Amino acid sequence: MTEDYLARIGTLIREARRHQGMTQNELADLLGTSQSAVVRIEQGKQNLSLEMLSRIGQNLDSQFVALGTSGPQHLRIEGGTKLHGSIDVKTSKNAAVALLCASLLNKGRTTLRNIARIEEVNRILEVLSSIGVKTRWLPDSSDLEIIPPARLDLEALDEAAARRTRTIIMFFGPLLHEFTDFELPYAGGCDLGSRTIEPHMTALRHFGLDVEATQGAYKAQVTPGVSPARAIVLTERGDTVTENALMAAARHEGETVIRNASPNYMVQDLCFYLQKLGVEIDGIGTTTLTVRGRAEIDVDVEYSPSEDPIEAMSLLAAAVVTESEITIRRVPIEFLEIELALLSEMGMKYELTEEYCSDNGETRLVDLTTKPGPLKAPIDKIHPMPFPGLNIDNLPFFALIAACAEGRTMIHDWVYENRAIYLTELTKVGAKVQLLDPHRVLIDGPTRWRAAEVICPPALRPGVVILIAMLAAPGVSVLRNVYVINRGYEDLANRLNELGAKVETFRDI
Ligand SMILES: CC(=O)N[C@H]1[C@@H](OP(=O)(O)OP(=O)(O)OC[C@H]2O[C@@H](n3ccc(=O)[nH]c3=O)[C@H](O)[C@@H]2O)O[C@H](CO)[C@@H](O)[C@@H]1O
Ligand SMILES: C=C(OP(=O)(O)O)C(=O)O
């Protein structure tokens with residue numbers, strides 16, 4: 001360890017000891033060492049083994065010196081290198097969380113194949129385990145086994161885990177079949193401004209659910225015997241609201257028609273899984289879903305969700321920004337067609353292989369090879385739409401690509417209150433971004449990227465956008481506190497390194 005490093009650890013240990021109101025002698029006793037050794041440790045004059053560090057951490061109950069899980073994670077990026085080689089797109093966060101919630105509909109065993117090992121999934125697993133669901137990663141795989149108990153123990157629900165994700169709202173659909181009276185903590189997740197759950201309540205009222213929001217919790221009451229008397233017309237074509245309505249319909253024995261449904265990728269994955277549970281669904285991939293549910297579902301099933309179009313878009317953006325030729329394998333092309341059409345308009349060249357099928361047996365995939373070359377700003381503004389449209393979560397990557405293109409681009413994020421504002425963080429790494437109002441930014445390109453130290457915005461895609469820009473910036477950049485990125489991307493730093501990037505993960509000590 002370098003002297004500077006030891007001195008910093010020593011200072012942290014002294015502070016933690018004082019915080020515990022402990023003398024040096026008392027700490028020495030607990031560690032089985034002498035007081036003079038503790039003095040040397042606190043002065044940074046004693047080499048420390050990892051074993052000693054972890055003992056100190058345990059005795060001082062200090063996050064700073066506990067090994068492994070301590071402190072927020074940061075990234076150090078040595079930018080300016082080109083990427084090369086191939087990378088596989090992982091399965092999607094958004095399908096994974098929907099499927100985990102839907103597994104609650106099934107009394108039998110659900111095995112989900114190739115699930116991305118991401119923090120969002122970890123939080124839902126924590127919530128599921130806390131209420132009595134048996135979950136485990138199968139050995140040497142990314143396959144998840146989920147076995148619900150005879151009765152869920154909602155009293156024991158891990159609130160801290162639940163509050164870190166918005167997914168908890170997708171518990172309403174499955175739970176309304178199990179309980180007449182229950183509480184769920186308020187949803188959390190990325191800070192994108194207020195995200196109403198009103199459309200969910202409007203949809204689920206058709207199944208007798210009534211929710212009152214009080215003091216940090218949703219209090220839910222279900223009137224038994226209530227079922228949709230007519231088609232459920234969603235007030236927004238939202239992804240999770242469609243999923244909630246589908247999960248409620250899955251265990252309703254009659255026919256449910258959902259109109260203005262989202263046909264987006266994660267909704268399709270959920271539908272294919274529900275079909276495996278024996279639920280009949282017509283209209284998958286359209287905005288009208290007709291569902292014939294089953295009162296009881298008790299089957300052992302396996303399902304493999306499809307690849308993440310947003311991760312594919314992120315990797316595409318990384319190739320554009322670093323002017324690299326890379327092959328992105330397993331791209332779910334039907335959910336990236338509009339993005340690619342727009343990129344073609346901007347002058348981007350790429351090659352696609354023949355289509356092949358995802359492991360879900362449904363989604364069409366291609367391998368895509370990027371070809372570096374000059375880009376020009378599009379004539380019209382870029383804005384997202386519910387599927388089929390330019391994906392709402394892909395919009396931030398267009399800010400990055402626009403910053404590489406010659407000319408001025410307007411990006412219009414009408415969807416989220418805060419997200420366009422975060423795009424102005426790109427100015428810290430050299431981009432010219434002008435905020436017109438909370439939803440619209442003007443970007444002038446091309447950009448001479450420069451290294452910087454930036455605190456990760458508290459939102460997944462804007463965070464990844466900054467990371468990718470840093471890959472292109474010559475010199476060393478630091479991106480602090482990247483939990484939000486780990487919410488949605490598995491081991492992104494190492495996977496980018498396999499393409500030739502230089503990204504190092506570190507934590508405060
Ligand atoms: C776990 C999951 O799957 N999350 C995705 C899902 O979240 P989710 O389905 O929870 O998204 P929201 O319901 O929060 O919708 C996002 C925003 O879009 C607005 N809105 C949406 C649809 C519409 O027809 N009109 C409208 O105004 C909503 O009011 C909200 O402000 O969809 C979002 C929008 O695609 C994505 O960013 C999220 O990654
Ligand atoms: C906004 C996103 O997700 P979530 O709905 O999980 O916040 C996202 O994936 O970009």
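Tutor: The hairpin passes from strand 19 to strand 20 through 2 residues. The model is a predicted one, with a mean pLDDT of 93 for the protein and 97% of its residues at 70 or more. Its scores are ipTM 0.97 and pTM 0.88.

Strand 19 covers residues 432-437 and strand 20 covers residues 440-445; the two run antiparallel and are joined by 5 bridges. Within this pairing, Val433 has Ile443 in strand 20 as its bridge partner. Pro446 itself belongs to the loop between strand 20 and strand 21 (453-455). A cis bond is also found from Phe387 to Pro388, again with omega near 0°, and Pro388 lies in the loop between strand 17 (364-371) and helix 14 (395-404). As background, most peptide bonds are trans, and most residues other than glycine have a negative phi.

The domain assignment gives domain 1 (3-60), domain 2 (73-90 + 307-507) and domain 3 (93-303). The centres of domain 1 and domain 3, taken over C-alpha atoms, are separated by 48 Å.

Another hairpin may be set beside the one described above. Strand 11 (residues 280-282) pairs with strand 12 in the antiparallel sense over 3 bridges. The hairpin formed by strand 11 and strand 12 has 5 residues between them, and Gly283 in the turn has a positive phi of about 90°. Strand 12 (residues 288-292) is also joined to strand 10 (residues 255-259) by 5 bridges, in an antiparallel arrangement. Arg292 of strand 12 stands opposite Glu255 and also opposite Glu280. In a regular strand, side chains alternate between the two faces of the sheet. The covered face of strand 12 holds Leu289 and Val291, while Thr288, Thr290 and Arg292 make up the uncovered one.

An open sheet of 3 strands, in the order 6-8-7, is likewise antiparallel. Strand 6 (181-185) and strand 7 (209-214) each have a single partner strand, so one side of each has no neighbour in the sheet. Neighbouring strands here are turned by 25° against each other on average, direction ignored. Between strand 6 and strand 8 (residues 217-222) there are 5 bridges, and Leu184 stands opposite Tyr218 in strand 8.

The buried residues of helix 6 include Val121, Ile124 and Leu128. Its buried residues pack against helix 5 (93-102), strand 4 (134-137), helix 7 (159-163) and helix 17 (483-488). Just after helix 6, Gly132 takes a positive phi of about 105°.

Positive phi values also occur in residues other than glycine. Asn114, in the loop between strand 3 (110-112) and helix 6, has a phi of about 55°. Asn114 is partly exposed, with 18 other C-beta atoms within 10 Å. Asp140, in the loop between strand 4 and strand 5 (144-147), has a phi near 50°. Asp140 counts as exposed, with 6 C-beta neighbours inside 10 Å.

Methods. Residues are numbered from 1 along each chain as its sequence is written. Chains are lettered from A and ligands numbered from 1 in the order in which they are written. This is a predicted model: local features need pLDDT of at least 70, side-chain atom pairs count only at pLDDT 80 or more; totals for chains, interfaces and linings use all residues. pLDDT is the predictor's confidence in each residue, from 0 to 100. Domain bounds come from an automatic or database domain assignment. Two strands pair if DSSP finds at least two bridges between them. Helices (H or I, at least four residues) and strands (E, at least two) are DSSP runs, numbered from the N terminus. Axes are lines fitted to C-alpha atoms, for helices over the stretch in contact, and angles run from 0 to 180 degrees between N-to-C directions. A residue is buried if 20 or more other C-beta atoms lie within 10 Å of its own, exposed if 12 or fewer, and partly exposed in between; C-beta atoms are placed from the backbone. Two residues are in contact if their C-beta atoms, placed from the backbone, lie within 7 Å.
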